[in-house]
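Here's a quick briefing to read alongside the sequence and the 3D view.

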Amino acid sequence: MAGAGVNLFFQTLLDIVKAFVGVYNVFDKQYASVRYVGWVENTMTERIKVIQGDITRQAVDAIVNAANPSLLGGGGVDGAIHAAAGPELLAECRVLNGCATGEAKITRGYRLNAPRVIHTVGPIWYGGGHDEDALLARCYQNCFLLAVRHGITTIAFPAISTGAYHFPMERAVQIAVTETRRFLESQPALRKVVFVCFNGATFNCYCKILAGRPQGKAS
Ligand code: AR6
């Protein structure tokens with residue numbers, strides 16, 4: 001009888017210990033996930049960098065090209081990327097069958113420091129009533145999706161559509177930053193997003209919208 005009592009005591013003790021371990025695990029997981037979200041939030045400024053410079057010189061996994069629907073080259077950043085990558089880039093682009101506005105396609109980087117180029121076609125600014133905002137947002141979303149699908153962890157963007165396509169700079173930068181923050185929050189695999197600004201005005205605009213101090217040097 002006494003033996004049964006002792007057994008019951010130990011069994012109950014064991015159940016209590018197990019229950020505590022279970023509760024501890026639940027708390028631990030919750031704490032871990034909260035800490036994880038906190039980590040993303042805390043390191044957001046480290047994962048987004050803004051620099052003034054030339055995107056063709058960036059040593060990242062992929063640079064983004066602000067292309068046109070033919071994907072066969074052009075002026076601006078598109079021309080600079082093709083010039084720096086060499087003719088092999090154009091040869092690969094020829095077989096891609098172009099790219100619709102808001103979509104993105106990936107190639108190798110050839111002579112660039114970046115092994116990959118993600119080509120996206122931003123919207124031409126027609127005054128704002130032609131879905132321009134949504135199309136520009138789609139550019140960033142599709143670039144990020146392609147990047148993650150190809151195991152890219154560091155990516156550099158120019159200010160898509162803000163040159164020959166005349167998208168208002170501040171509005172374009174707001175969209176770029178919003179889409180980037182949204183994607184980084186859900187994708188820990190993406191380690192670094194670099195906004196490469198070709199001039200000081202663009203650089204200042206990104207810094208203002210990111211509401212942070214300048215984080216990079218001109219290169
Ligand atoms: N590095 C970083 N940014 C650059 C560079 C560079 N080397 N060169 C220019 N920018 P744009 P879009 C900036 O006109 O407006 C092409 O002909 C530039 O200051 O290159 O999307 C395509 O073939 C501006 O802020 O692209 C299309 O036909 C930003 O990059 C059309 O232009 C985008 O300017 C696309 O127009």
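In strand E4, the bridge partner of Ala-66 is Thr-120. That pair belongs to a set of six bridges joining E2 to E4, and these two strands run parallel. Keep in mind that this is a predicted model.

- How much of E4 is buried? Six of the six residues in this strand (116-121) are, so E4 is largely enclosed by the rest of the structure.
- In a regular strand, side chains alternate between the two faces of the sheet.
- In E4, Arg-116, Ile-118 and Thr-120 point one way, while Val-117, His-119 and Val-121 point the other way, and all are buried.

**Strand E6 and its neighbours**

- E6 (residues 192-197) has five of its six residues buried, so this strand too is largely enclosed by the rest of the structure.
- E1 (residues 48-52) pairs with E6 in the parallel sense over five bridges, and Lys-49 has Val-194 as its bridge partner in E6.
- E5, helix H5 (residues 169-186) and E6 together make a right-handed β-α-β unit.
- Lys-192 sits in E6. Is Lys-192 buried or partly exposed? Lys-192 has 15 C-beta neighbours inside 10 Å, so this residue counts as partly exposed.
- Leaving out residues up to four places away in sequence, Lys-192 touches Arg-47, Lys-49 and Thr-154.
- The C-alpha atoms of Lys-192 and Ala-156 are separated by 8.3 Å, though the two residues are 36 apart along the chain.

**The ligand shell**

- Which residues come nearest to the ligand? Of the 24 around it, those are Ala-66, Asn-68, Gly-74, Gly-76 and Gly-163.
- By residue type, the shell around the ligand divides into 12 nonpolar, 10 polar and two charged.
- Strand E2 (62-67) and helix H2 (76-85) each supply at least two residues of this shell.
- H2 gives the largest share of the shell, four residues.

**The nonpolar core**

- The largest nonpolar core has 53 residues. Those with the most contacts inside it are Ala-62, Ile-63, Val-117, Cys-143, Ile-155, Ala-156 and Phe-157.
- Helix H4 (residues 132-149) contributes the largest share of this core, with eight residues.
- Ala-62 touches Ala-114, Arg-116, Val-117, Ile-118, Ala-147, Ile-152 and Ile-155, if you skip residues up to four places away in sequence.
- Ala-134 is also placed in H4, but with 11 other C-beta atoms within 10 Å this residue is exposed.
- C-alpha to C-alpha, Ala-134 and Pro-123 are 9.2 Å apart in space and 11 residues apart in sequence.

**Two loop residues with positive phi**

- Leu-71 isn't a glycine, yet has a positive phi of about 60°. Look for Leu-71 in the loop between E2 and H2.
- Why does Leu-71 count as buried? The cut-off is 20 or more other C-beta atoms within 10 Å, and Leu-71 has 23 such neighbours.
- His-166 is a residue other than glycine with a positive phi as well, near 60°, and lies in the loop between E5 and H5.
- With 14 other C-beta atoms within 10 Å, His-166 is partly exposed.

**The whole chain**

- Secondary structure comes to six helices and six strands.
- Along the sequence, these follow the pattern α-β-β-α-α-β-β-α-β-α-β-α.
- The protein has 219 residues, of which 35% count as buried.
- Taking contacts with a separation of 6 or more, residues 24 or more positions apart account for 71% of them.

How values were computed. Residues numbered from 1 in each chain as written. Predicted model: local features only at pLDDT ≥ 70, side-chain atom pairs only at ≥ 80, totals over all residues. Near = placed C-beta within 6 Å. Nonpolar A, V, L, I, M, F, W, Y, C, P; charged D, E, K, R; others polar. Core = buried A, V, L, I, M, F, W, Y, C linked by C-beta atoms within 7 Å. Buried ≥ 20, exposed ≤ 12 C-beta atoms within 10 Å, placed from the backbone. Contact = placed C-beta atoms within 7 Å. Pairing = 2+ DSSP bridges. Right-handed = clockwise from strand over helix to strand, strands pointing away.
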